[in-house]
Amino acid sequence: MFFDRPDSGELAVLVHLELSHGQAPEDPREFEELVLSAGGDPVALVGGQRAAPHAKYFVGTGKLEELRALVKEHRAELVIFNHTLSPSQERNLEHTLECRVLDRTGLILDIFAQRARTFEGKLQVELAQLRHMSTRLVRGWTHLERQKGGIGLRGPGETQLETDRRLLRGRITAIEKRLAKVRTQRDQGRRSRQRADIPTVSLVGYTNAGKSTLFNRITDANVYAEDQLFATLDPTMRRLEVPDVGALILADTVGFISHLPHKLVQAFRATLEEASNSSLLLHVIDAAADERMHNIEQVEEVLAEIQAAELPQLRVFNKIDLMGMAPRIDRDDNGKPVAVWLSAQTGEGVDLLIEAISDALGREMIAGQVVLPPHQGRLRAKLYQQQAVAYEEHREDGSVALDIRLPKSDLMRLLSAEQLRFEQLQWSRRDGSGRIAC
């Protein structure tokens, strides 16, 4: 019901006002890209400035007449505002302009509806749409009578409206129950990875920053990646092997945007929790964008809203091929990586990103030659299973000298299973120097 969209674009008049009431201004270029992503065909852009929105129409009466003239001139089917409209403002505008009116939230919801592929994604979009629609339901029944309180004046409109509201509430409740099950399943998977000591690394960032292209480059996946806003909606995960870390889960997430509707943040809570429970966030940034700093601030705001602002974060400046830059890693005073400059499109610098992830997540490593007596053959087998053995030397007394390298936490887990203590291990000193390095 909510996902049928016309194949052809709709002629649309766009409205973008600069308001001087403290709210950060929207980017008209990004607004036009959103409309194009939704399949719209912009025919005119109406701009202007106001101290505050008009209570009845959002725009002033002069702009309203200009809009009505443009709608008739271009035979536009739709007027889209780059702002949040109240239900009454939408109704008043539709009545005056005699065409459909959509605000920024409704536009983003429509794009999400088109991009949803998985069952969970469609449920999340429908939930956001229903919550948005519930405040605007009255608009659809203006052609029916209203209950006026007198005998003989009670029309069918109010009854139908109440029926629809009840149906909406029932559908919202049903979707929330299904998404609660999804959230439980995600929690179970997350706990399983934590028990197995498998870290999760999530790609986050402003929409169209290149997250999916980078995800495909690292994992050889075939995630849908296009130069458009919100190309990715459904989260995708892949297992990845990283030196000094071992196996990790890399997650590609939905892109953020300035003033992301709160209804979407609520609806996509199960998906966004994957990012909020990550061991490391890769904040992918379009390094070539003029509004780079603004986009970074918007992403940080959304991360704070989902309680992920305090997680370890590595900034990934993408699209350096458009800037003629060489790939590099930026480190802090302690040598910890804080940023990587790369190009997901060409693959330049991706190896540096893997190195930076390894440094950021790298656990305390044990490297050296351990001597195992014959009765510790099971420990030797488990070290091979961990792919921790680089060289093996058999000695005359039946013992085995193994050159090993593995995280200390993994070694301690193996020793615990064999009821051994770290101090009980015998380490060989080759070439007169100890080879244990932590």
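Modeller: Residues are numbered from 1 along each chain as its sequence is written, and side-chain values use heavy atoms, with hydrogens and water left out. The model is predicted, so local features need pLDDT of at least 70 and side-chain atom pairs count only at pLDDT 80 or more, whereas totals for chains, interfaces and linings use all residues.

Colleague: What is the mean pLDDT of the chain?

Modeller: The mean is 77, and 76% of the residues reach 70 or more; pLDDT is the predictor's confidence in each residue, from 0 to 100. Over residues 139–155 pLDDT stays under 50. Where pLDDT is low, the predicted coordinates should not be read in detail.

Colleague: Why is Ser343 called buried?

Modeller: Its relative accessible area is 0%, and buried means under 20%, exposed over 50% and partly exposed in between (1.4 Å probe, protein chains only). Ser343 is therefore buried.

Colleague: What makes the pair Ser343 and Asp321 a polar contact?

Modeller: Their side chains are joined at 2.9 Å. A polar contact is a pair of N or O atoms within 3.5 Å; within protein, one must be able to donate a hydrogen and the other to accept it, and residues adjacent in sequence count only if both atoms are side-chain atoms. The side chain of Ser343 also makes a polar contact with that of Thr346, at 3.1 Å.

Colleague: Why is the pair Glu291 and Arg29 called a salt bridge?

Modeller: The N to O distance between the side chains is 3.3 Å, and the term requires a side-chain nitrogen of Lys or Arg within 4 Å of a carboxyl oxygen of Asp or Glu. Glu291 lies in the loop between S8 and helix H10 (292–305) and Arg29 in helix H1 (residues 28–37), so the pair ties together parts 262 residues apart in sequence. Helices (H or I, at least four residues) and strands (E, at least two) are DSSP runs, numbered from the N terminus.

Colleague: How do you know that Glu291 and Arg29 are partly exposed?

Modeller: Glu291 has a relative accessible area of 28%, and Arg29 has 49% relative accessibility. Each therefore counts as partly exposed.

Colleague: Are Lys319 and Asp286, which meet in a salt bridge, buried or exposed?

Modeller: Both are buried. Their side chains meet at 3.3 Å, N to O.

Colleague: What makes Arg315 and Glu300 a salt bridge?

Modeller: The N to O distance is 3.5 Å. Arg315 lies in strand S9 and Glu300 in helix H10, so this pair ties together parts 15 residues apart in sequence.

How values were computed. Contact means heavy atoms within 4.5 Å.
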